[in-house]
Amino acid sequence: MLPEVLSADNFFISGCNEEAYEILINERNWENNAQKHALYLYGEKGSGKSHMAHIWKEREGAAIIPVNNIKPASVNGNSIIEDVEKCTDEEALLHLFNHCKDIGVKLLITSSFPVSSLPFTLPDLTSRLRGLQVATIYPPDDALIAGVMRKQFADRQLLVDDEVISYLVTHTERTLENVKILVEKLDRNALSEKRNITIPFVKKILG
């Protein structure tokens with residue numbers, strides 16, 4: 001599988017992520033946030049939130065903090081905590097909130113769960129999380145699935161007709177993660193069988 005490129009040039013904006021992207025990259029949205037130093041990026045697994053977080057990382061010169069190795073005192077710049085629901089040290093996460101606010105840096109938190117479904121019990125932590133502005137990425141729409149699929153095929157130097165793309169969009173699991181897996185599978189099988197990627201070939205591979 002080709003290495004994943006999480007850059008702005010490889011990010012497709014559509015109706016399902018446009019609002020979240022604007023919230024994330026527009027400085028005014030951070031300034032108008034009740035907790036100006038922190039923002040919560042929510043999207044289901046495979047929605048593209050990690051890609052969006054990495055775009056923000058490059059724009060802001062942020063560092064990604066391992067979710068289960070949070071050391072607030074060592075943080076001195078804009079930071080990202082991905083998949084916050086996996087955090088097992090609630091005290092450390094709370095101290096990170098306070099530390100980032102005290103030193104005037106931004107904190108981006110991502111999760112596959114809405115704030116209300118997080119497993120935390122520490123009152124001060126849950127209060128801070130519930131007070132965050134939320135940027136929501138909705139399930140991928142047809143335009144996004146098709147755009148990512150075309151890019152994945154192009155990266156492999158594969159020419160695939162629009163009819164094939166349209167067929168795949170309506171006959172595959174609707175996550176960006178699955179699109180990457182599917183394109184890699186089609187590429188591998190087309191190469192081994194020396195076949196072009198057509199609708200009959202796709203039907204055969206999809207079973």
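Q: What makes a stretch of residues a helix here?
A: A helix is a DSSP run of H or I with at least four residues. In this predicted model, residues 142-155 form helix H6, and Gln152 is found there.

Q: Why is Gln152 called buried?
A: Buried means under 20% relative accessible area. Gln152 has a relative accessible area of 14%, so Gln152 is buried. Leaving aside residues up to four places away in sequence, Gln152 touches Val179, Lys180 and Val183.

Q: Why does Phe12 count as partly exposed?
A: Partly exposed lies between the two cut-offs, under 20% for buried and over 50% for exposed. Phe12 has 30% relative accessibility, so Phe12 counts as partly exposed. You can find Phe12 in the segment before helix H1 (18-25).

Q: How do you know that Phe12 touches Leu144?
A: Contact means heavy atoms within 4.5 Å. Leu144 is on the list of residues that Phe12 touches, together with Asn17, Gly147, Val148 and Lys151, so Phe12 and Leu144 have heavy atoms within 4.5 Å. That list does not count residues up to four places away in sequence.

Q: What makes a set of residues a nonpolar core, and which members of the largest one touch the most others?
A: The members are buried nonpolar residues such as Leu and Phe, joined through side-chain atoms within 4.5 Å. Of the 25 residues in the largest core, Tyr40, Leu93, Leu96, Phe97 and Leu129 touch the most other members. Helix H4 gives the largest share, six residues.

Q: What does the second, separate core include?
A: This core has 23 residues, among them Cys16, Val179, Val183 and Ile197.

Terms used:
Residues are numbered from 1 along each chain as its sequence is written. This is a predicted model: local features need pLDDT of at least 70, side-chain atom pairs count only at pLDDT 80 or more; totals for chains, interfaces and linings use all residues. Side-chain values use heavy atoms; hydrogens and water are left out. Helices (H or I, at least four residues) and strands (E, at least two) are DSSP runs, numbered from the N terminus. Buried means under 20% relative accessible area, exposed over 50%, partly exposed in between (1.4 Å probe, protein chains only).
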